[in-house]
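Good morning, and thank you for making the time. I shall go through one model with you; please keep the sequence and the structure in view.

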Amino acid sequence: MLDEILHILVAAIIAWILFVTVDIFFKLPEAGGVSGASAIARDIEVGGGALAGGTMMGNIVCSPDASAGTLLAACGVYVAGIPGGLAAALMVFIGNRICHDPGYAGTTGAVLATFIIYGFTQIGFAATDFIAGMVIAILTIQGLSHAHASRLLARLWRIRQ
Amino acid sequence: MIALYLVAVIAVFAVIRATIEKNTGRKLPYVNVMNFAIAGALVMLLDHPLSLVAAAAYFVGSTLEANAIASTYAGGVRRE
């Protein structure tokens, strides 16, 4: 039981680093992909947050990004191994097009996550550890403190620039 | 097993935060956390290969809804 909790925590850290890196690489904090993402960013800024971080959070809400890719890849690996993860990546790609997202952060994140998660399942981790880990990772960004999360993302975005 | 319960608890937590938050723009990220949790829980609850398709369909659908709500909240598309 303690093992599973430890695995979930490690998976959460890996998932967090993976999706934040891919999203920032694909410049999600730069501009809102749709007007709704910019509106969310403005509200987060009014609430004491940073605009660039809020923009990335708005983009996460409005289209499947690398975090969604990581979650669905973990689900895919759980159901059917690497082919399942790649099927999830295809569905994220279709989801991006449905949501008018011109980017490839979601698809890239899903493909990368598929191989990383499969690798970890070979050394004793379960794919479910990564499903729960990714939910914890998104909770820390979108569900605890928007002001603090957006400022942290903005700081990482400045490093990228 | 712990993973499933953890995800369920996070979903309920996100729903409570979304309910308490009054500002629409800041409400949507909480709903987003709930969507992640529900999609993850779906796959763990349904022991069937198609559960992946169900989770992806739910997730993409709910993201599109959030997109629509946020864009309407922002003023919508202006038509000539």
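The contact between the two chains takes 37 residues from chain B and 47 residues from chain A, where two residues are in contact if their C-beta atoms, placed from the backbone, lie within 7 Å. On the side of chain B that touches chain A, the elements giving two or more residues are helix 1 (2-20), helix 2 (24-45) and helix 3 (51-73) of chain B. Helices here are DSSP runs of H or I with at least four residues, strands are runs of E with at least two, and both are numbered from the N terminus. That side of chain B has 26 nonpolar, 9 polar and 2 charged residues. Nonpolar stands for Ala, Val, Leu, Ile, Met, Phe, Trp, Tyr, Cys and Pro, charged for Asp, Glu, Lys and Arg, and polar for the others, Gly among them.

A word on conventions. This is a predicted model, in which local features need pLDDT of at least 70 and side-chain atom pairs count only at pLDDT 80 or more, while totals for chains, interfaces and linings use all residues. Residues are numbered from 1 along each chain as its sequence is written, and chains are lettered from A and ligands numbered from 1 in the order in which they are written.

Let me take the chains in turn. Chain A has 7 helices and 0 strands. Its C-alpha atoms fill a box of roughly 45 × 35 × 25 Å along the principal axes. A compact globule of 161 residues would have a radius of gyration near 15 Å, and chain A agrees, with 15 Å; the radius is taken over C-alpha atoms, and the globule rule is 2.2 Å times the number of residues to the power 0.38. Of the 161 residues of chain A, 61% count as buried. Buried means 20 or more other C-beta atoms within 10 Å of the residue's own, exposed means 12 or fewer, and partly exposed lies in between, with C-beta atoms placed from the backbone.

Chain B consists of 3 helices and 0 strands. Its radius of gyration is 15 Å, whereas a compact globule of 80 residues would have one near 12 Å. The C-alpha trace of chain B spans about 50 × 30 × 10 Å along its principal axes, and 46% of the 80 residues count as buried.

Next, the core. Which residues touch the most other members of the largest nonpolar core? Of its 86 residues, they are Leu72(A), Ala74(A), Cys75(A), Ala88(A), Ile131(A) and Val135(A). Such a core is a set of buried Ala, Val, Leu, Ile, Met, Phe, Trp, Tyr and Cys residues joined through C-beta atoms within 7 Å. Helix 4 (residues 66-98) of chain A gives the most to this core, with 15 residues. Beyond four places in sequence, the contacts of Ile131(A) include Leu71(A) and Tyr78(A), as well as Ala3(B), Val7(B) and Met44(B).

Consider also Phe19(A), which is found in helix 1 (residues 2-25) of chain A. Phe19(A) counts as buried because it has 27 C-beta neighbours inside 10 Å. Leaving out residues up to four places away in sequence, Phe19(A) touches Ala66(A), Ser67(A), Thr70(A), Gly109(A) and Ala137(A).
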